[in-house]
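Here is a short briefing on one protein chain.

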Amino acid sequence: RAVISQITVTMGARWVPMEVYSRFASDLTGGNAAVEYNRASNNYHVRAANNPTWSAAGLETAALLTHALEGTSPRITRTEGSGKDKRTVPDREGTELARTKVNQIKDRWRTWVLSTEDMHSGIEDAYNREVNAFVAPAYDGSYLVLPGLSTDVYRLPHRLKAIARVLQEGGGMLAHGVGSGKTFTLISLAMEMRRLGRAAKP
């Protein structure tokens with residue numbers, strides 16, 4: 001089971017519970033907010049009060065939050081001229097301000113996820129249920145007989161697990177601490193691999 005420190009919670013990830021996004025939007029705006037996701041259109045809908053701190057270039061907080069959730073970049077335009085000469089042109093400065101604000105919201109999200117501890121359980125549950133397809137292997141060397149092993153040698157679980165792991169994976173690195181029995185483990189492993197016909201040396 002992955003825990004919050006092992007999970008990259010990207011803003012806009014579809015597996016994140018909507019109540020988490022709604023809580024973030026509420027904390028960001030300082031009022032009640034709601035975030036909904038439409039699977040059919042693959043779009044988010046944000047209902048939130050505007051917070052001037054989190055608005056820019058004429059776009060209110062809800063609009064910027066939507067861009068952050070959907071991974072899109074706002075494009076701001078302005079009208080120039082009048083009458084027949086009236087035309088819409090890109091507002092580069094406004095666009096840059098809006099995009100910078102969206103990035104700031106994403107940065108705030110990353111900090112918020114890690115610091116809002118009462119949300120961690122729900123995030124972890126959703127990730128492990130919907131996304132996590134990796135299960136770390138566990139090695140149990142208690143089945144090893146190791147014929148010829150002296151009865152004076154302690155068959156410590158971590159040593160047997162290391163032998164079992166290398167036998168099953170075909171290789172590995174033993175990074176045990178000093179005095180933990182790496183020499184015994186390596187000798188036992190070499191002898192077991194020879195007995196099983198997995199190695200001819202040493």
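Axes are lines fitted to C-alpha atoms, for helices over the stretch in contact, and angles run from 0 to 180 degrees between N-to-C directions. This is a predicted model: local features need pLDDT of at least 70, side-chain atom pairs count only at pLDDT 80 or more, and totals for chains, interfaces and linings use all residues. Residues are numbered from 1 along each chain as its sequence is written, and side-chain values use heavy atoms, with hydrogens and water left out. Helices (H or I, at least four residues) and strands (E, at least two) are DSSP runs, numbered from the N terminus.

**Helix packing**
- Helix 2 and helix 3 pack at about 65 degrees, with their axes 9 Å apart.
- That makes helix 2 roughly perpendicular to helix 3 (under 35 degrees counts as roughly parallel, over 145 as roughly antiparallel, 65 to 115 as roughly perpendicular, the rest as oblique).
- L64, L65, H67 and A68 of helix 2 meet A98, K101, V102, I105 and K106 of helix 3.
- Helix 1 and helix 2 pack at about 140 degrees, with their axes 12 Å apart.
- Helix 1 is therefore oblique to helix 2.
- Their contact (heavy atoms within 4.5 Å) is made by Y21, F24, A25, L28 and T29 of helix 1 and T61, L65 and L69 of helix 2.

**Nonpolar cores**
- A nonpolar core is a set of buried Ala, Val, Leu, Ile, Met, Phe, Trp, Tyr and Cys residues joined through side-chain atoms within 4.5 Å.
- Buried means under 20% relative accessible area, exposed over 50%, partly exposed in between (1.4 Å probe, protein chains only).
- The largest core has 35 residues, and V9, M11, W15, Y21, I105 and W109 have the most contacts inside it.
- Helix 1 (18-29), strand 2 (43-47), helix 2 (61-70), helix 3 (92-115) and helix 4 (120-130) each supply at least two residues of this core.
- Helix 3 gives the largest share, six residues.
- Apart from this core lies another, of nine residues, including I163, A164, L167 and L189.
- Leaving aside neighbours within four places in sequence, Y21 is in contact with residues including M11, V35, Y44, L69 and W109.

**Hairpin**
- Strand 3 (residues 77-80) and strand 4 (residues 87-90) pair in the antiparallel sense over four bridges; pairing needs at least two bridges found by DSSP.
- T77 has P90 of strand 4 as its bridge partner.
- Six residues lie between the two strands of this hairpin, and G81 in the turn has a positive phi of about 75 degrees.

**Loop residue A136**
- A136 sits in the loop between helix 4 and helix 5 (157-169).
- A136 is exposed, with a relative accessible area of 52%.
- The C-alpha atoms of A136 and R1 are separated by 8.9 Å, although 135 residues apart along the chain.
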